[in-house]
Each structure stands twice: as C-alpha cells, then as structure tokens.
Amino acid sequence: GAVVPQYDSIDQYQTGLLEEITQIVTYYSSYSSNRQSSLSNPTTPQYQALNWTMHDVPLSRPSSSMQRFALVLLFYSTHGNRTWLHTDRWMSSHDECTWYGLTCNEHGNVTEIILDRNHLAGTLPLELAALDRLSVIELWE
C-alpha cells in the first residue's frame, strides 16, 4: 500500500508541509532571480513540481522533500506524463525509492536513476544536483 505519514492533527500536517516547502524555496534562494521566478510561473516544470509537492501527495519522509521535488521535476522536465513508457509509481504517494528506475541506499537516498529506453524528452533539470548520493544515471535510448 501507499506510504503516507501519520499526523496527530491537521496543524501538525500543515507545519510539516510548510517545513518541506521552505526547504525547496531556500534551495532556490541561492540562484538568480530569473531562476527563482521559475517557481511562480505556472508554465514551468519547476512550478508544476512545487505545486504537486505542495498539494497532491504528502511526503513519506520529511527529509525527502528536496529529493522528491528534484525527481518530480525530472518527470515534468522530460515529459514523463506524455512520452515515458514506464511510469510505475511515479507521481504517487509511494516512497520515491519504489518508483520505476530508481535505486536508493539504506537511508532512502537515491543512488541510481536508470530510465534508459524510456523515451525521455526535454531538458534534465539542474536540480538533480540536489541528489547528493546519486552515482549512476542512465538515460540513453
């Protein structure tokens, strides 16, 4: 089943969500204002990923917010909703370590992205650099 965090109250949920979103926005604060504005432009993959993170699915681990955001951004930036052949568990409430093509270490950090022959199109997001344990990425056709 889905891995969904348990909260004692709606206030606890909102506080956790605020902390997760703050982490993402703080990450962007080190970039130029042009890059920061991508978070508020509804036509950008960054906005779509932030919106999904904020509204659609609670995170499975508070520490995974930037990781999950970077992966969702990869999905939107490479047209996962239109061109990918395999999207198993992507964009779901399942822990991102169970999403198709991802491998994680024992701490839940993504170490491998293997999405070869999956019809990715578009641009790889710079935010993949936030995946500091990533050591393998295979995206060839």
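Helices of at least four residues and strands of at least two are DSSP runs, numbered from the N terminus. On that basis, the chain of this predicted model has 4 helices and 3 strands. Their order from the N terminus is α-α-α-α-β-β-β.

**Chain as a whole**

The chain has 141 residues, of which 41% count as buried. Its exposed surface comes to about 7,600 Å², with 51% supplied by carbon and sulfur atoms. Among contacts with a separation of 6 or more, 58% are between residues 24 or more positions apart.

Most residues other than glycine have a negative phi. His79 has a positive phi near 60° and is not a glycine. Arg117, also not a glycine, has a positive phi of about 55°. The loop that holds His79 lies between helix H4 (65–77) and strand E1 (102–104). Arg117 sits in the loop between strand E2 (110–114) and strand E3 (136–138).

| Residue | Phi | Loop between |
|---|---|---|
| Arg117 | about 55° | strand E2 (110–114) and strand E3 (136–138) |

The relative accessible area of His79 is 24%, so the residue counts as partly exposed, because buried means under 20% and exposed over 50%.

**Disulfide**

The structure contains 1 disulfide. A disulfide is a covalent bond between the sulfur atoms of two cysteines. Here the pair is Cys97 and Cys104, with sulfur atoms 2.1 Å apart. The link of Cys97 and Cys104 is left-handed, with -95° about the S-S bond.

Note on methods: Residues are numbered from 1 along each chain as its sequence is written. This is a predicted model: local features need pLDDT of at least 70, side-chain atom pairs count only at pLDDT 80 or more; totals for chains, interfaces and linings use all residues. Side-chain values use heavy atoms; hydrogens and water are left out. A disulfide is a pair of cysteine sulfur atoms within 2.5 Å. Buried means under 20% relative accessible area, exposed over 50%, partly exposed in between (1.4 Å probe, protein chains only). Contact means heavy atoms within 4.5 Å. Accessible areas come from the Shrake-Rupley method with a 1.4 Å probe; for residues, only the protein chains shown count as cover.
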